[in-house]
Amino acid sequence: MSITAADVNKLRQMTGAGMMDCKKALTEANGDFEAAVDILRKAGQKVAAKRADNETNEGVVLIAMNADHSNGKLIALACETEPVSKVDAFNDLAKSILDAAVKSHAPSAHDLLAEPLADGRSVEGHIIELTGKIGEKITLAAYENISAEKVVSYIHSNNKIGVLVAFENVQGFDVAEVGKDIAMQITAMKPVALDKDGVDAETIEREIEIGKDQARQEGKPEAMLEKIAVGKLEKFYKESTLLNQQFVKDSSITIRQYVESAQNGLTIASFKRIALV
């Protein structure tokens with residue numbers, strides 16, 4: 001059948017795809033608009049597959065908090081280039097995904113990808129479709145969902161780093177200022193865990209091996225390597241676990257001491273940091 005310019009424009013308005021892509025899809029679908037949309041979506045899947053190994057270091061980080069700040073949700077929608085991160089369709093999709101997270105209280109990124117958006121199609125389906133329209137890889141890079149007595153959020157000025165900090169034993173204390181200080185500390189200092197016991201065994205083993213190798217290169221005797229490495233591990237804990245880090249605003253105290261001084265009994269239960277880098 002003959003495909004008119006009006007048909008092509010109609011499909012383009014429906015999908016946002018390019019004119020030539022719309023014409024090709026309509027031709028292949030013999031003018032069936034629903035079939036043409038499916039063809040375009042399948043084309044999006046092909047684009048996603050072709051670009052699967054491409055790096056996605058650009059995008060946007062968004063946070064949503066509930067009314068009493070006992071829950072926070074944090075998402076990162078990533079793309080390959082900065083210009084795409086500024087496109088309205090990309091940012092609208094990011095907001096829709098965050099809305100879906102708030103509505104569903106999805107426990108994981110995998111669950112969030114399966115959640116429906118306003119038109120009933122899944123988050124994953126929308127990401128695939130936009131990939132096809134834009135022509136570069138788009139991915140839900142991260143999703144975090146934290147609940148606690150109080151949760152404080154922070155988005156860095158570049159909208160590419162987001163932090164959630166969960167507090168317990170608040171006892172009516174306004175944690176906003178302390179929470180912001182802690183969140184900015186996490187943004188800048190990139191702790192790998194809250195405390196020593198939160199560091200995974202693989203990281204500990206790697207740090208010990210690095211410490212041994214450094215000592216060996218310094219000419220230390222083999223019998224001393226383990227002891228030296230354990231000493232270096234303590235330094236790692238001080239630099240890389242949040243509660244043991246020096247407070248960036250006052251290097252004379254640790255984060256643990258700062259929190260304790262702010263309110264007796266106040267504790268940081270957990271934190272999440274996601275960044276597009």
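At what angle do helix α2 and helix α3 pack, and how many Å apart are their axes? In this predicted model, helix α2 takes up residues 19–28 and helix α3 residues 33–50, and the two pack at about 125 degrees with 8 Å between their axes. That angle makes α2 oblique to α3, since angles from 65 to 115 degrees would count as roughly perpendicular and those over 145 as roughly antiparallel. As for handedness, the crossing of α2 past α3 is right-handed.

On the α2 side, the contact is made by Asp21, Cys22, Ala25, Leu26 and Glu28. Helix α3 brings in Phe33, Ala36, Ile39 and Leu40. Sorted by class, this contact of α2 with α3 comes out as seven nonpolar residues and two charged ones, with no polar residues.

Then there is the sheet. Three strands make it up, lined up as β4-β5-β8 with antiparallel pairing, and the sheet is open. Strands β4 (150–155) and β8 (267–275) sit at the edges with a single partner strand each, so one side of each has no neighbour in the sheet. On average, neighbouring strands here are turned by 15 degrees against each other, ignoring direction.

Strand β5 covers residues 161–168 and runs antiparallel to β4, and six bridges join the two. Val151, for instance, has Ala166 in β5 as its bridge partner.

The sheet also has a helix to go with it: α8, residues 176–189, lies across β4, β5 and β8. Relative to β5, helix α8 runs at about 135 degrees.

Methods. Residues numbered from 1 in each chain as written. Predicted model: local features only at pLDDT ≥ 70, side-chain atom pairs only at ≥ 80, totals over all residues. Heavy atoms only, no water. Pairing = 2+ DSSP bridges. Helix = DSSP H or I, 4+ residues; strand = E, 2+ residues; numbered from the N terminus. Axes fitted to C-alpha atoms, helices over the stretch in contact; angles between N-to-C directions. Contact = heavy atoms within 4.5 Å. Parallel < 35°, antiparallel > 145°, perpendicular 65-115°, else oblique. Left-handed = near helix turned anticlockwise from the far one by under 90°. Nonpolar A, V, L, I, M, F, W, Y, C, P; charged D, E, K, R; others polar.
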